[in-house]
Amino acid sequence: MQQGGGSETEVTWEDQQNINKFGRLNNRLHELNDEIKFAKEANDNLEDASNELILTDEEVVRFQIGEVFAHVPKDEVESRIEQMQETTSQKLEKLEEEKQSVVAQMSELKKILYGKFKDSINLEED
């Protein structure tokens, strides 16, 4: 160990693997945050569409299928929106579960790495 600028701790192959794994998990966490944000926005948009559909008096409404709009009966649009909301909610739930798992794994790796390297390593984002 050296005096002054910090301590010299030997980085083993296992330590490097843990650091690499932490980096991959951190990248995945950022991806998950983006996917969760997108899924929440989609869910909100579907909720808004459902509310607008309730307010309309028309029996046939325009519904976007791909890049075109089609005239579809209101009842069918309601059921499609419900299915889309259910699918989006399930996807959001899975993403949240995966995020919790990633955060837990990162926490364990932080304990291991900070335990060995103390303040010689920075795993926090600023």
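# Exercises on helices, burial and a pocket

Threonine 12 is located in the segment that precedes H1; helices (H or I, at least four residues) and strands (E, at least two) are DSSP runs, numbered from the N terminus. The model is predicted, so local features need pLDDT of at least 70 and side-chain atom pairs count only at pLDDT 80 or more, while totals for chains, interfaces and linings use all residues. Residues are numbered from 1 along each chain as its sequence is written, and side-chain values use heavy atoms, with hydrogens and water left out.

## Exercise A: threonine 12 and asparagine 26

Classify the accessibility of threonine 12 and of asparagine 26, then state the separation of their C-alpha atoms.

**Solution.** 
- Step one is the scale: buried means under 20% relative accessible area, exposed over 50%, and partly exposed in between (1.4 Å probe, protein chains only).
- Threonine 12 counts as partly exposed because its relative accessibility is 30%.
- Asparagine 26 belongs to helix H1 and is buried, because its relative accessibility is 16%.
- With residues up to four places away in sequence not counted, asparagine 26 touches Met106 and Glu125; contact means heavy atoms within 4.5 Å.

## Exercise B: asparagine 43 and threonine 88

Determine which residues asparagine 43 contacts and which threonine 88 contacts, and whether each is buried or exposed.

**Solution.** 
- Asparagine 43 lies in helix H1, whereas threonine 88 lies in helix H2.
- A relative accessible area of 19% is why asparagine 43 is buried.
- Threonine 88 has 14% relative accessibility and therefore also counts as buried.
- Neighbours within four places in sequence being left aside, asparagine 43 is in contact with Gln85, Thr88, Ser89 and Leu92.
- Under the corresponding exclusion, threonine 88 is in contact with Ala39, Ala42, Asn43 and Leu46.

## Exercise C: asparagine 18

Describe the surroundings of asparagine 18 and its separation from phenylalanine 69.

**Solution.** 
- Asparagine 18 is a residue of helix H1.
- At 14% relative accessibility, asparagine 18 is classed as buried.
- Residues up to four places away in sequence excepted, asparagine 18 touches Leu109, Ile112 and Leu113.
- Phenylalanine 69 is 51 residues away along the chain, and the two C-alpha atoms are separated by 51 Å.

Compare the accessibility classes of lysine 110 and lysine 118, and identify the backbone angle to note at lysine 118.

**Solution.** 
- Lysine 110 is placed in helix H2 and is partly exposed, because its relative accessible area is 23%.
- Apart from neighbours within four places in sequence, lysine 110 is in contact with Phe22, Gly115, Leu123 and Glu124.
- Between lysine 110 and isoleucine 121, 11 residues apart in sequence, the C-alpha to C-alpha distance is 9.8 Å.
- Lysine 118 lies in the segment after H2 and counts as exposed, because its relative accessibility is 53%.
- Most residues other than glycine have a negative phi.
- Lysine 118, although not a glycine, has a positive phi of about 50°.

## Exercise E: the largest pocket and a ring

Characterise the largest pocket by volume and lining, then locate arginine 62 relative to phenylalanine 69.

**Solution.** 
- On a 1 Å grid over the protein atoms alone, a pocket is an open set of points where a 1.4 Å probe fits, with protein on both sides within 12 Å along at least five of seven lines; lining residues have an atom within 4 Å of a point.
- The largest pocket contains about 270 Å³ of space, where volume is the space filled by probe spheres set on the points, joined across faces, edges and corners.
- Its lining comprises 13 residues, and Ala49, Arg62, Phe63, Gln64 and Ile81 lie nearest the centre.
- Helix H1 (13-55), strand S1 (60-65) and helix H2 (74-117) are the elements giving two or more residues to this lining.
- By class, nine lining residues are nonpolar, two polar and two charged; Ala, Val, Leu, Ile, Met, Phe, Trp, Tyr, Cys and Pro count as nonpolar, Asp, Glu, Lys and Arg as charged, and the others, Gly among them, as polar.
- Arginine 62 sits over the face of phenylalanine 69, 4.7 Å from the ring centre; the criterion is NZ of Lys or CZ of Arg within 6 Å of the ring centre and within 35 degrees of the ring normal.
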